[in-house]
Amino acid sequence: MTWQRRIIEWKVILMSEFKVIGKAIPRHDAWAKVKGELKYADDFSLPEMLYAKVCRSKYPAAKLISVDISKAKSLKGVKAVLTARDVPRNETVTKFGQSTDVRGGFEGLYRVLAEEGKKIRFTGEPIALVAAETEEIAEKACSLIEVEYELLPGVFDPEEAMKPGAYLVGEKNSNLINEFGCSNGDIEKGFAESDLIIEDRFEIPFIDHAYLEPEAGIAWLDDYGTINIRVSTQVIEHFRDVADVLNLPYNKVRYIGTMIGGGFGGKEDITVESFLALLALKTKKPVRLVYTREESLMAHSKKHAFIEKYKIGAKKNGEIMALEAHYIGNAGAYTYLSPWVGLYATVSAAGPYKIPNVKIKTQMVLTNNIYASAFRGFGANQANIGYESIIDELAVKLKMDPLEIRKINCMHTGDALSTTKQVIKTYVALPEVAEKAWAGLGEPTVSKEKNIKIGRGLAIGQMSYGRMTFLRDSSRCYVKLENDGSLVVRSGIPDLGGGQASLLSQIAANELGVPMEKVKIYNTDSMLTPLAGTTTATRQTYMSGNAVLKAAREVRNRILNKAAEVLNVNPDKLDLISEKVIVKYDESEYLTLTKAIQACNSAGIELYSEAQFNAPFSEIPDLTNMKGMTFPDFTFGAQAAEVAVDIETGQVKVLKIVSCYDVGKALNPACVEGQMEGGSIQGIGYALSENYELQKGVPQTLSFAEYLIPTAMDSPEVETIMIESGGGLGPYGAKGIGEPSYNNIVPAILNAIYDAVGVRIKSLPATPEKIIRALKSDYFKK
Amino acid sequence: MNQFRYIFPKTKEEILKILEQEKSEACIVAGCSNVLPYIKDKIIPPKLLLDISGIEELNYIKKNEGNLCIGATTTISDLISSKIIREECSVLYQAAEDFADPTVRNRATIGGNLTDASPAADMAIPLLVLDAVLEVESMNGKREIYLKDFFLGPRKTALRDDEMITSIKFKNDPINKQGYFIKLGLRQSMAISVATIALILELEKNKVKDVRIAMGSIAPIPLRLFKTEEFLKSKEINDELLEKAINKVREEVNPISDIRASQEYRRYVSGVLFKRTFEKLTN
Amino acid sequence: MEGYPIELTINGEKICAKAQPEQSLLKFLRENGFTEVKCGCEKGDCGTCTVIMNRKAIKSCITLAMQANGKEILTAKGLEKQALGRKLQESFVKYGAIQCGFCTPGMLMAAKAYLDENPEPNKGEIRNAISGNLCRCTGYKKIVEAIYDVAEENYRVEGDINV
């Protein structure tokens, strides 16, 4: 290679510094947020707007005898009071944003308001809606609604709910929603071949998303009588479900999604939208509804509580021979996403390990608690807590290092999941992530006080990104290069704050050599932007990232082809960098972007493209014995934690966390780090303090003073290690990180507690009291 | 009354006059950090909101004739920034530092915290070991209430409905410097306590000369542990004494179970908190 | 419903409006167009409503609107009128300290008030200063880094509003 060529190569590399992928660039919405200019769902008003309130059930289990709205209706300032009778279609089927109709078992009842003569299923179930001139009047009207209940016993524990003769939560003759099974090998033989068998039972409570922005939205009728709903939601495809409820054609209901003030799966189902649409249609005025924090805690979906019964068998050398797991998922009052969570848990139950004999059974059960639905981690998370705890116990009993046992048993590239036998074709970063996370803890902290014991824990896991493959998931995106070189991106993508919309701008900017300041994204309008699917299941980087890539590349090819003509070179010698079409290795030859655009315009070449990206498809597996592909791919990661336990009070302080994930490619490192740091801290809450407690169906933690999430003083600095294997299915080899980053941290902390004080917490959260009761069992026996 | 009203008096006399007229129809407010949530939850029905936060003469920290006097509307932040509080009664300073969170500390007042009379009242605990006395006024005159006699039950005090606390005072004894406070919560900030303790200890030749113990969140009211104090007085300090005292503490507290902790755990950890503060002050 | 007239300064501008006696400062601000002050819980448990009143960071949901009469309020929209405010905004953007952004206005106000009085905190002190402001997305690390970076050079310039 000549020295001239070498210099030119360096210059090309330097110039490609202006490319934006892989850079921690500020997001497009960052300034609007720090200036306080960004309007969330509750920050928007329209003239003559009314205020809505929801009247809710006081009891967890009752027959609704009657609802008397007369006093409420006659209160001055009240414009509408609605009950189930006023809802055109009060009962439909839950849908989750996809167009595919999945077979029965994956959909459940969506009931807008409780119906007279039918059973109320949870405390806080909506019974009536009020729209009034002020919030105070709406609240007063709610209190004037007279509801007659016939109290029923209810059932609150899922194991109780499965017993014959148990109280039936719904209209079906069983509380069992569905059951999943998965087996490989010969489980009895596996245990027979084991030198050591451990059995454990883990109990994981309901938890709340605790996003800082409560549910909110506003609905109005436009000039043509179309319902417009401006709402904080992760799924704008619900416009179809709301249209079903209203008995309107789908094209007459429009969702405008706002920047979401935190979702985590809690804004994945319909929250306020049906209520708003009904009231707007009835009053013909704009109507706004925002939940109080108490209402949000009481009445929106929770993360599934799980009972996990594990039995694991291993040889003396650490090789795991058999794993049996029985999960009982507490679905609460309505089905919602419970079947899906059950599927995820089943697929994840054996972790990222090669175990020859596996038997998994998952049952999702209705109870008279608030319904459980989507939450970051979605069943795979709960499974991870179980398998990483029991494997840690195995290591202890076998006197093995936590890293050692994982190295012996973990999967490698080309291996299959021990549950569904889905072969992982992309790079499996194991044991790499475990080694790096464990080493990342550095020198052990030495305790300076006799009552503080320090311990370390490790956990690894896999979590899918992209939706279940039988859903025919797809995403669409539109890219247009304007005449002046500015770039328009249009996508239905809901932005949760994880940088979803920004990422699309970044990819388009990268492909078309346009600086970020010249990219404008228009997003989240169900009618005016191409539908990009749900912001859930860690799918947006993968799906919408690929969609925008496809659209941007189409535009890029057209420009480069035209520029190739103008410059008289082969198109593969060209690149788009810094608003120029350049000839690689020859900086003297280039065409400005605007000139290239002009050339295209003159030739009638349109510089826009709308592209669709499709996820791979597979049939629904046999749910009694699940096999084959259920997800496009998985993200592998590990977290290591060091904790200090006060052996006199039981308090746990997390000193260090190291989070290591193969992210494929960090498209925006600051965003990826943000997900990892946030996921780890959210995990501290799950491990140590969060417990959405209900007593006989009555919620006990209805404020942030009782439902405790970590403050800045409870959070150590999380060290993040990103491995970029390039092996992801997303754009530029990226993988998803949103949910995976919340995996592994809980068992890492629980394992660290064990390491510190020899107490294995099997029932979350690991409160000081639980630890002391274990350490000082003699005292508490008295 | 079916609507709230608001008034912002300029002098203490005005306040007292209004209280005399309105009695329990008036609700004294200063920081409002408890009042507003109560209004939202309809625990406080429509009343006359009597805002005393503008009265300069109620906001002070000063020494006076061997006493340390704190005006009722002194904020928790004011306590933290006061050199006097930090140096002369560290147990109150420590409690102020652990109170709620910095933004709430900027508004919450010492008088308000006492009047709210939660069993967890973080200001009550150090003030109890400081043997604080409340100066209380009404149109009918002044009187003093010992803090140990002030709390009658959860959220119930000895304050009459025409009275207000004007100041809190306690003897500015050197012993006040030998104090230690611990708050046990489920989180490092914004935590309602599971148990709190304040301890003041004076030793003489390895014997307990004077000891004052107060605890919060372990009884219906903020509690002085007089029985344990009695037990400890004049005793020789050794491990055996500590063990016995820990048991006495556990016997004397009277906790309940709630969402934060069980009765048993509170009882157990009361002993631990006592041990820690005692060891801290005897080493 | 009747209201009482109050006069206050918000972000350097005089505002005259009516407030209900039991109305929180939060509701008053939002109803008067200051929607950058967020409502997350209305009980003083989350910090999204944090504003600066007479130089102190307070939770506006547990402060009466009437108590703001005659006072000076600074919200996130007023930060750009001061050098420290601008620096904080820039730093948050630069460090990627914002995800969903809902806690951001309150967090900025708590940080600003703190840095005004404590120009050189360490990270532990910063964590304490923002411990009344919950964040569910970021894990706080980048927020603390952003504040720490600004702490190292705290200054005022001509033309700053003095709140």
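## Burial and surface of chain A

Let's start with what is hidden: of the 782 residues of chain A, 65% count as buried. Keep in mind that this is a predicted model. The accessible surface of chain A amounts to about 26700 Å², and carbon and sulfur atoms contribute 51% of that surface.

## Fold and dimensions of chain A

If you are tracing the secondary structure, chain A holds 20 helices and 32 strands. Its radius of gyration is 27 Å, close to the 28 Å that the globule rule gives for 782 residues, so chain A is as compact as a globular protein of that length. Along the principal axes, the C-alpha trace of chain A spans about 85 × 75 × 50 Å.

Sequence separation is a handy way to look at the contacts. Taking those in chain A between residues at least 6 apart in sequence, 80% join residues at least 24 apart.

## Two domains in chain C

Now over to chain C, which is divided into domain 1, covering 4-77, and domain 2, covering 78-153. Taken over C-alpha atoms, the centres of domain 1 of chain C and domain 2 of chain C are separated by 20 Å. Their contact takes 21 residues from domain 1 of chain C and 19 residues from domain 2 of chain C.

Definitions and conventions
Residues numbered from 1 in each chain as written. Chains lettered and ligands numbered in written order. Predicted model: local features only at pLDDT ≥ 70, side-chain atom pairs only at ≥ 80, totals over all residues. Heavy atoms only, no water. Helix = DSSP H or I, 4+ residues; strand = E, 2+ residues; numbered from the N terminus. Rg over C-alpha atoms; globule rule 2.2 N^0.38 Å. Buried < 20%, exposed > 50% of the residue type's maximum accessible area, 1.4 Å probe, protein only. Contact = heavy atoms within 4.5 Å. Areas by Shrake-Rupley, 256 points an atom, 1.4 Å probe, with all protein chains shown as cover. Domains from an automatic or database assignment.
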